[in-house]
Number of protein chains: 2
Amino acid sequence: MDQVRTRQRPAAEATAELIAVIVAVTGEAPRVLTIADGSALPSGPFEVTHRSLQAGMRSWVEQQTHHPLGYVEQLYTFADRDRTRTGKRLVAISYLGLTREARTSDEPGVTWQSWYRYFPWEDWRGGAPAMVETIGTRLKAWAEAADDATTRRDRLRRIGATFGPTLNEELILQRYELLWEAGLVPESPTAREPIDGLAMTHDHRRILATGIARLRAKIKYRPVVFELMPPRFTLLQLQRAVEALAGRLLHKQNFRRVIEQQDLVEETGEITTETRGRPAKLFRFRRDVISERAVAGSKLPLAR
Amino acid sequence: MDQVRTRQRPAAEATAELIAVIVAVTGEAPRVLTIADGSALPSGPFEVTHRSLQAGMRSWVEQQTHHPLGYVEQLYTFADRDRTRTGKRLVAISYLGLTREARTSDEPGVTWQSWYRYFPWEDWRGGAPAMVETIGTRLKAWAEAADDATTRRDRLRRIGATFGPTLNEELILQRYELLWEAGLVPESPTAREPIDGLAMTHDHRRILATGIARLRAKIKYRPVVFELMPPRFTLLQLQRAVEALAGRLLHKQNFRRVIEQQDLVEETGEITTETRGRPAKLFRFRRDVISERAVAGSKLPLAR
DNA sequence: GAGGAAATGCTCACTTGGAGCATAAGGAGG
DNA sequence: CCTCCTTATGCTCCAAGTGAGCATTTCCTC
């Protein structure tokens with residue numbers, strides 16, 4: 001009955017847009033596929049010809065970047081008030097895709113960018129980035145500038161939780177939002193002398209942050225890193241990839257221990273001498289574990 | 001530039017629908033708010049007047065059920081081909097809401113239902129439900145009936161992973177999908193002698209499964225159970241609520257140990273004698289931890 | 001041939017998580 | 001009033017998991 005009532009109302013018109021965060025790891029850099037020379041994520045409207053949302057997203061990415069996609073998962077859906085046009089609502093559905101960087105597309109404007117160009121304060125592999133101190137100072141100033149004590153305390157608490165010494169790499173979105181609120185990024189309406197870091201159109205940088213956060217969380221319990229690896233790799237290469245994504249370094253021996261005891265990889269029998277030092281065994285991902293434990297976890301030594 | 005190309009294409013029309021999975025725990029039953037006498041979830045179109053997707057969803061639920069909402073989070077967005085009407089695409093955005101069951105709404109058709117009426121095979125609190133064996137038999141028959149060996153092996157693997165002895169309560173969606181594929185639920189196009197369990201219109205039962213899966217996963221690392229509890233409760237009541245959601249029993253002493261060492265609750269100083277046995281202390285949730293560790297986890301002894 | 005860089009093996013101290021034993025404290029029934 | 005039943009609470013044990021390091025091995029470069 002309420003169903004019926006629902007049906008009687010004129011359904012509101014809307015436009016659905018598909019936005020993709022496509023990630024690869026090349027060398028030791030986590031990279032994201034962009035269009036418009038790094039200032040936007042691949043995107044396009046959901047059309048009648050698309051079999052599904054995901055299919056539509058794949059089609060746009062392939063059309064705009066000529067890059068094939070592998071693993072894909074939905075991220076988040078939002079409707080900005082700012083995105084309203086001609087009385088219709090614009091709903092944006094974002095996806096996270098994992099792939100390996102192929103030949104540079106010859107499409108104009110299509111480039112792979114290290115995601116740390118957009119979030120330079122997120123790369124802690126070489127210790128805390130210098131700018132973190134500046135950020136801390138400016139955030140505190142912003143917190144102190146609050147009108148009432150409650151807001152002030154709340155801001156300080158959030159600063160401590162997101163930029164604290166025990167930095168949690170999954171909180172990238174919360175950190176970005178804090179910077180946005182504090183007017184430290186150019187996209188912010190209250191921006192004043194923004195800090196370093198490339199911006200993107202609309203809320204694409206925010207969507208990128210969402211994708212990174214999801215990925216940083218997911219590598220801890222699902223074997224998704226392997227979607228970013230070449231067919232054969234050494235354990236150190238695997239570790240470097242995880243470190244690139246997480247933005248922090250890991251204990252080598254423990255990393256190997258966990259990977260091996262998880263039975264996620266198997267030796268190919270080959271050995272590489274391409275690196276310095278003692279030659280390393282090459283491994284391959286045991287694809288079958290994906291089905292085996294689509295469920296069970298994969299666990300990486302990323303706990304804190 | 002690719003951006004520009006995107007803009008030049010005529011944006012496809014779509015209709016966005018909001019669907020809500022509203023959960024409460026009453027007594028020892030996890031309940032879901034339904035309309036149409038249990039056959040549908042509250043839902044309605046996203047309209048221009050809605051400030052945001054979430055606001056729209058709240059407004060529909062309140063309008064259809066007169067039930068106030070608390071905690072809410074987005075679940076998933078999908079576009080069924082079947083949902084196409086008049087050449088437009090229908091995008092459905094689903095939400096999960098947690099609340100406490102208030103007075104029964106006087107709206108006709110609005111009822112709270114135990115979610116195990118829809119998924120009777122998911123309640124393992126009293127041991128494996130009798131129907132699980134039947135399900136296993138029928139699923140195996142379905143697997144064996146596959147044309148080629150690969151499909152057969154794959155089906156058996158999935159059956160083992162989802163209905164295996166070490167049943168993982170989070171896989172409720174995968175189990176439902178398997179039953180759907182095997183034609184064991186009435187919604188399935190290949191349905192034949194469906195097993196027990198109430199169906200819902202469209203894919204609402206599937207959305208409910210998604211919501212339950214999310215909630216079962218989330219209670220393990222975020223203090224969301226408290227959204228479902230009264231202001232003051234005993235630790236056993238809290239445990240019963242978690243068990244109701246997870247569909248399985250927990251070790252009492254360990255449960256208390258974890259809850260207490262997490263500092264999630266504090267004693268009210270009161271004692272209740274409303275239950276049998278030794279009177280229990282009443283606790284209240286420390287609301288402030290939500291902000292304290294919006295981040296950090298809460299962890300419940302639900303690991304396996 | 002020496003030194004440097006990585007790969008590998010192993011140890012140790014601690015933390016967590018799953019189980020179970022034992023005791024305490026009300027209420028109900030006799 | 002006494003006994004039994006039920007639930008609340010305290011604690012102990014043990015196994016598995018995790019964070020840090022030490023020690024060796026094996027190539028390459030100089």
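Colleague: Which residues of α7(A) are buried in this predicted model?

Modeller: In α7(A), the buried residues are Gln237(A), Leu238(A), Gln239(A), Ala241(A), Val242(A), Glu243(A), Ala244(A), Leu245(A) and Ala246(A).

Colleague: How do you know that the span of α7(A) agrees with what its 12 residues should give?

Modeller: The expected span is 1.5 Å times one less than the number of residues. For residues 235-246 this should come to 16 Å, and the end C-alpha atoms of α7(A) are 16 Å apart, so the two agree. After the helix comes Gly247(A), with a positive phi near 75 degrees.

Colleague: What makes β7 and β8 of chain A edge strands?

Modeller: The open sheet has 3 strands in the order β7-β9-β8 (chain A), with antiparallel pairing. β7 and β8 each have a single partner strand, so one side of each lacks a neighbour in the sheet.

Colleague: Why is Val21(B) called buried?

Modeller: The threshold is 20 or more other C-beta atoms within 10 Å. Val21(B) has 25 such neighbours, so it counts as buried. Val21(B) lies in strand β1 of chain B and touches residues including Val32(B), Leu41(B), Tyr95(B) and Ile207(B).

How values were computed
Residues numbered from 1 in each chain as written. Chains lettered and ligands numbered in written order. Predicted model: local features only at pLDDT ≥ 70, side-chain atom pairs only at ≥ 80, totals over all residues. Helix = DSSP H or I, 4+ residues; strand = E, 2+ residues; numbered from the N terminus. Buried ≥ 20, exposed ≤ 12 C-beta atoms within 10 Å, placed from the backbone. Contact = placed C-beta atoms within 7 Å. Pairing = 2+ DSSP bridges. Lists of a residue's contacts leave out its neighbours within four places in sequence.
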